[in-house]
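Subject: Structure handover

Hello,

Here is the structure I promised to pass on. Please open it first, then read my notes below.

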Amino acid sequence: MKPAPFDLCIADSVEDVTSALSSHGEAARIIAGGQSLMAMLNMRLTEPEVLIDISRIPGLDRISVDETGVTVGATVRQASLAAHDGVRQALPLLTEALTHVGHIQTRNRGTVCGSLAHADPSAELPLLLVLLGGSVTLASSQGRRTVAAEDFLIGTLTTSRRPDEMIVSAHFPRAPAGSKTAFREMARRHGDFAIVSLACIARGRDVRLAVGGVADAPVAVDLTNVTSETLPAELNALAWRLRGYDDIHATARYRREMIRRLGLDMIMEAMA
Amino acid sequence: MPRWLIAQVAKDLGRDPLDLMEQNLIQADQFPYRAPAGALIDSGNYQQVVADTKAQGKLAELKQRRDAARAAGRLYGIGYAMAVEPSQSNMGYISTLKTKEEREKAGPKDGAVASCTISVDPLGSVSVVGDSTPQGQGHQTALAQIVADELGVPFDMVTVNLETDTQKDNWSIAAGNYSCRFSPASTSAAKTAAERVRSKMALIASRFMNVPPEELLFKDGWISAQSNPENRMEFRRVGGLAHWSPSSLPEGMDPGIREVAYWNAPELTPTTAKDEINTSLAYGFAFDFCGVEIDRNTGELRIDSYVTAHDCGTILNPGLAEGQIRGSFASALGASLYEEFVYKSDGTFLSGTFADYLIATAHEAIDPVMVETVATPSPFTRLGAKGIAEGNQYTTPVCLANAVADAIGRDDITVPLTPAKVFEWVNGEEEPAPQLAADDEALSEDRIDYSGDALRGQGSTFVPASAEQVWKTLMDPAEMAAIIPGCKSLDKLSDDHFTGVVSMGVGPVKGTFEADIRLENLKNPTSADITGSLIGALGTSRGRGRVTLVEGEGGVTVSYEYAIHLSGTVASVGGRLLSGAAKALVNQFFRSLVRRAAPNVKSEAGGLMGRLRARLGGKK
């Protein structure tokens with residue numbers, strides 16, 4: 001369980017990273033907290049030629065909270081975001097979801113943007129980014145661009161980041177004024193990969209619902225005129241559309257059932 | 001099966017399962033009890049353990065909680081489990097696998113030899129070499145205590161070394177660390193060796209102190225006369241004499257102090273002609289009960305209360321005993337709820353990492369009620385001690401499964417009690433899919449699943465080109481090299497046989513594979529079968545697929561179905577992500593096909609997820 005040999009590039013600035021990326025392209029991989037990447041390196045599931053360590057770049061560890069929402073720099077640790085009082089006030093849903101991201105030890109090292117870049121279909125942070133209609137800002141030697149969550153997270157471990165780009169920040173918008181949010185997750189043990197994770201925003205009878213762990217990327221849907229009578233049928237339809245899959249931890253049916261049952265429970269809580 | 005056998009018999013007889021269990025227990029005055037298969041169950045007071053457990057675990061209250069939960073429509077059950085816990089295996093028990101004739105030919109096998117060496121060095125330090133190889137059970141502590149007590153020296157004067165080397169240390173067939181042999185056997189050998197050291201040192205001291213050796217007291221690092229405590233010698237001084245002054249020793253005594261004890265129990269006799277065997281020397285007793293509630297919505301178990309009681313004879317060290325119970329319980333909880341070796345039909349191991357082979361961690365290891373009960377010493381071990389570590393391995397999975405069976409009234413319970421499995425036990429058929437709207441039909445065909453032994457997929461895509469054009473593209477190796485995701489080279493060996501190198505993967509997981517592809521049943525321009533294999537460091541796969549072309553208005557619908565068998569690293573550790581990965585690769589393949597076969601048409605962006613989102617009314 002050792003990684004294949006690689007060169008380590010310790011970057012001092014975003015420009016260092018983008019210039020290294022433009023010369024190495026897909027042969028390079030960015031490392032910040034290493035909580036997903038190191039396991040994959042050790043199992044030799046991935047063998048990049050160059051690792052670019054961004055953890056020492058000054059200024060990337062900023063969390064800023066304003067009226068639009070929470071902006072998180074590329075090296076902000078999950079634990080720092082979870083402990084941030086301003087975030088807790090602006091987006092309590094984000095703080096709650098972070099308690100389900102791995103374990104205390106992995107959150108101490110793992111970064112928020114690293115989790116987004118990894119794009120595990122069952123991960124909580126991509127789920128919230130999609131639910132909230134957030135975005136990711138990418139930098140390359142050509143300049144910067146901001147990509148909406150749903151355009152960024154396009155499949156299993158797959159994002160629309162180009163090989164010459166790095167994430168510099170992610171933006172989690174506040175939930176609309178007067179709305180209520182809720183979160184549910186089902187995992188074999190606390191901190192395991194979610195079998196199904198769900199989050200929602202309810203305002204009046206309009207509900208935005210996001211589902212993780214069932215399709216190959218988190219999916220959000222907008223439901224209008226939701227009532228306790230119509231909701232079960234809508235959740236059933238969504239469950240069948242996403243289908244889910246069997247693995248050794250749960251069946252596809254179980255994943256659909258969690259959409260129906262935890263989804264109902266969660267949305268009724270948010271609408272109450 | 002035994003787990004619900006008792007429950008089933010109780011049900012058939014209309015009896016309470018615990019009453020039935022109690023009725024069948026050996027009575028306290030029947031020990032040692034010879035069981036029909038040959039076991040000589042040494043000692044116990046099972047009735048007292050059960051009574052203490054019911055009282056301290058508050059069984060009556062638990063039953064009230066169950067009744068109240070059931071009255072409120074919740075799923076709540078109580079489970080019981082009892083175990084006779086054998087320790088120190090008889091080395092002859094494996095011979096019961098053989099026939100009587102084979103046994104006679106091989107010669108008798110029996111016993112379970114334990115050994116220990118104790119030395120006292122010229123400065124009076126005591127060294128103990130045991131025959132156990134612990135992984136954290138505290139055997140060094142227990143041995144040091146036993147020897148320190150026997151020799152009357154401070155605990156920290158005794159050093160225990162359990163790094164066994166069979167070339168220079170004491171050992172025999174049964175040496176090692178298994179089958180709970182430490183408490184009954186290794187400690188008996190240590191006790192015997194310590195007694196021999198004490199006898200020898202008493203003889204030496206006796207000569208200097210002019211007191212008969214049997215009247216000497218070993219205490220606090222001193223050897224003194226029982227009748228006159230003023231008449232005494234330091235322990236270390238007596239030890240030193242054996243090394244520094246052999247001439248001072250009683251006549252005929254060997255110099256130095258090093259005693260090796262080999263110990264065996266005569267009760268461990270060979271297998272009889274009738275295949276009877278006393279498989280172990282000491283038999284402890286464990287009794288557990290628990291109350292469990294099942295969440296109907298998720299299939300999760302909530303353990304309301306777990307009570308566990310153990311009689312392991314003399315308790316050598318209460319802290320170590322508690323550690324054994326907690327550790328064994330946590331491990332058994334893992335076996336009950338999480339742990340499972342899962343293999344694919346081709347032998348690929350699917351639970352080979354701790355992300356897939358789940359064990360109970362500190363978060364899951366709930367705090368059981370540990371009952372204070374009797375300790376009935378074993379008459380067959382030197383200290384009366386029996387094993388304790390394995391009890392919960394027998395009782396806990398059974399106890400939890402019985403509670404689930406009681407909660408939901410089924411008798412086909414299997415462990416691990418995973419939420420998905422429990423969910424299906426407590427819920428009926430799944431709600432069917434709603435009737436699909438016409439525009440969802442195509443979507444529903446994009447189906448990839450990795451449920452059985454193979455990754456299967458099917459789907460279709462529309463290519464705005466003629467069937468001939470698409471066919472030509474598919475049959476042209478240069479075109480295919482451009483279409484197959486990550487294709488580095490593709491060589492045509494014959495019209496229907498290609499080899500090449502493909503670099504593919506999902507996200508950062510990428511591997512290089514040697515591909516061997518054959519085309520069969522070519523029906524120009526309507527269908528073709530494709531078989532092939534990929535071999536690379538990340539794994540191997542072989543698959544079969546069929547592509548069908550149906551011409552329609554403005555183009556051709558290309559339909560495909562395939563089944564791929566995967567093995568190797570990716571299949572073992574990436575199962576959770578494989579269907580998504582396959583979907584991405586298939587999408588990539590068809591996007592390229594559209595681009596190559598109909599170069600003037602802008603291909604549909606976003607793939608399946610984009611279409612799905614568009615249809616589900618997401619923001620995009």
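Rings of Phe, Tyr and Trp (its six-membered ring) pair if their centres lie within 6.5 Å; planes under 30 degrees apart count as stacked, over 60 as edge-to-face and the rest as tilted. Ring pairs of this kind link B:Phe341, B:Tyr343, B:Phe349 and B:Tyr357 into a cluster.

Some ground rules. This is a predicted model, where local features need pLDDT of at least 70 and side-chain atom pairs count only at pLDDT 80 or more, while totals for chains, interfaces and linings use all residues. Residues are numbered from 1 along each chain as its sequence is written, chains are lettered from A and ligands numbered from 1 in the order in which they are written, and side-chain values use heavy atoms, with hydrogens and water left out.

Aromatic pairs

Over all chains, the count comes to ten aromatic pairs. One of them joins A:Tyr254 and B:Phe423 edge-to-face, at 5.7 Å centre to centre and 85 degrees between the planes. This pair crosses between chains, from helix α11 (residues 252-271) of chain A to helix α11 (residues 419-426) of chain B. Helices (H or I, at least four residues) and strands (E, at least two) are DSSP runs, numbered from the N terminus. A:Tyr254 and B:Phe423 are both buried, meaning under 20% relative accessible area with a 1.4 Å probe and protein chains only (exposed is over 50%, partly exposed in between).

B:Tyr306 and B:Phe329 form a tilted pair: 4.6 Å centre to centre, 45 degrees between the planes. B:Tyr306 lies in strand β12 (residues 301-311) of chain B and B:Phe329 in helix α9 (residues 318-337) of chain B, so the pair ties together parts 23 residues apart in sequence. Both B:Tyr306 and B:Phe329 are buried.

A sheet in chain A

Four strands of chain A form an open, antiparallel sheet in the order β11-β12-β13-β14. Strands pair if DSSP finds at least two bridges between them. The edge strands, β11 (180-186) and β14 (219-223) of chain A, each pair on one side only. Inside the sheet, seven bridges join β12 (residues 196-203) of chain A to β13 (residues 206-212) of chain A. A:Ile201 has A:Arg208 in β13(A) as its bridge partner.

A helix pair in chain B

Helix α6 (residues 139-151) of chain B packs against helix α7 (residues 182-209) of chain B at about 30 degrees, with axes 9 Å apart. Axes are lines fitted to C-alpha atoms over the stretch in contact (heavy atoms within 4.5 Å), and angles run from 0 to 180 degrees between N-to-C directions.

Best wishes
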